[in-house]
Amino acid sequence: MTLTSLIIIGRFLLGLMFIIAGVRNFLRLEERLGFKTNYGFVLPRPAIVIGFAVQLVAGISVAFGLWPFWGALALIAFLIPATAFYHNFFMFQGKEREPHIYFVTVNLALLGAFLIVMAIS
């Protein structure tokens, strides 16, 4: 398999994760609007809708190679506050902390993957 083929397949799979997440979040929008952050407040509806739109549109951008640099940058801009608002593992102790540590490390890996997408775009 060529390097170009591997890049296209990898980029597609990476973007697909966010396409699926965006679609699922819009299908469950009313439920998602009530999710409290780790700080105990609910984000404003426009912020949540914009976040889900970024997941979907930027996921399409990365998956299909339509301005993938900008799609990857948008997803980085989405992941940083999403991680801070919903997975701040410093706010938890013991077993409650474990899933948040996992999600932070996954999101860091995704950030790294998006930096690679930006570098090769």
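## Nonpolar cores

A nonpolar core is a set of buried Ala, Val, Leu, Ile, Met, Phe, Trp, Tyr and Cys residues joined through side-chain atoms within 4.5 Å. Buried means under 20% relative accessible area, exposed means over 50%, and partly exposed lies in between (1.4 Å probe, protein chains only). The model is predicted: local features need pLDDT of at least 70, side-chain atom pairs count only at pLDDT 80 or more, and totals for chains, interfaces and linings use all residues. Residues are numbered from 1 along each chain as its sequence is written, and side-chain values use heavy atoms, with hydrogens and water left out.

The largest nonpolar core holds 15 residues. Those with the most contacts inside it are Phe-18, Ala-72, Leu-75, Leu-79, Leu-110 and Phe-114. Helices H1 (3-27), H3 (45-64), H4 (68-86) and H5 (98-120) each give two or more residues to this core. H4 supplies the largest share, 6 residues. Phe-114 touches Leu-14, Phe-18, Val-62, Ala-72, Leu-75, Ile-76 and Leu-79, not counting residues up to four places away in sequence. Contact here means heavy atoms within 4.5 Å. A second, separate core has 5 residues, including Leu-29, Leu-33, Leu-43 and Ile-48. In soluble globular proteins, nonpolar side chains tend to be buried together.

## Overall architecture

The protein has 5 helices and 0 strands. Along the sequence the pattern is α-α-α-α-α. Helices (H or I, at least four residues) and strands (E, at least two) are DSSP runs, numbered from the N terminus.

The C-alpha atoms fill a box of roughly 45 × 30 × 20 Å along the principal axes. Of the 121 residues, 35% are buried. Among contacts with a separation of 6 or more, 64% join residues 24 or more positions apart. The accessible surface comes to about 7400 Å², and 75% of this belongs to carbon and sulfur atoms. Accessible areas come from the Shrake-Rupley method with a 1.4 Å probe; for residues, only the protein chains shown count as cover.

## Helix H3

H3 has 20 residues. From its first C-alpha to its last it reaches 29 Å, close to the 28 Å expected at 1.5 Å a residue. The expected span is 1.5 Å times one less than the number of residues. Gly-65 follows H3, with a positive phi near 70°.

The buried residues of H3 are Ile-48, Gly-51, Phe-52, Gln-55, Ala-58, Gly-59, Ser-61, Val-62 and Ala-63. They pack against H1, helix H2 (29-32), H4 and H5. Gln-55 lies in H3. Gln-55 counts as buried because its relative accessible area is 6%. Leaving aside neighbours within four places in sequence, Gln-55 is in contact with Phe-18, Ile-19, Ala-21, Gly-22, Asn-25, Leu-75 and Phe-78. Phe-18 and Leu-75 are also among the residues with the most contacts inside the largest core.

## A nonpolar surface patch

Ile-60, Phe-64, Leu-66, Trp-67, Phe-69, Trp-70 and Leu-73 form a nonpolar patch on the surface. Together they have about 770 Å² of accessible area. Patches are made of residues with over 30% relative accessible area and no salt bridge; like charges are joined within 9 Å, nonpolar side chains (Val, Leu, Ile, Met, Phe, Trp, Tyr) within 5 Å.

H3 and H4 each give two or more residues to the patch. The largest share, 3 residues, comes from H4. Leu-66 sits in the loop between H3 and H4. Leu-66 is partly exposed, at 43% relative accessible area.

## Salt bridges

The whole structure has 3 salt bridges. A salt bridge is a side-chain nitrogen of Lys or Arg within 4 Å of a carboxyl oxygen of Asp or Glu. Arg-45 and Glu-30 form one of them, at 3.7 Å from N to O. This pair links distant parts of the chain: Arg-45 is in H3, Glu-30 is in H2, and they are 15 residues apart. Arg-45 is partly exposed at 45% relative accessible area, whereas Glu-30 is exposed at 59%.

Glu-31 pairs with Arg-32 in a salt bridge, with the closest N and O atoms 3.2 Å apart. Glu-31 is partly exposed at 46%, while Arg-32 counts as buried at 12% relative accessibility. Glu-98 forms a salt bridge with Lys-95, the closest N and O atoms being 3.8 Å apart. Glu-98 is partly exposed at 45%, and Lys-95 is exposed at 66%.
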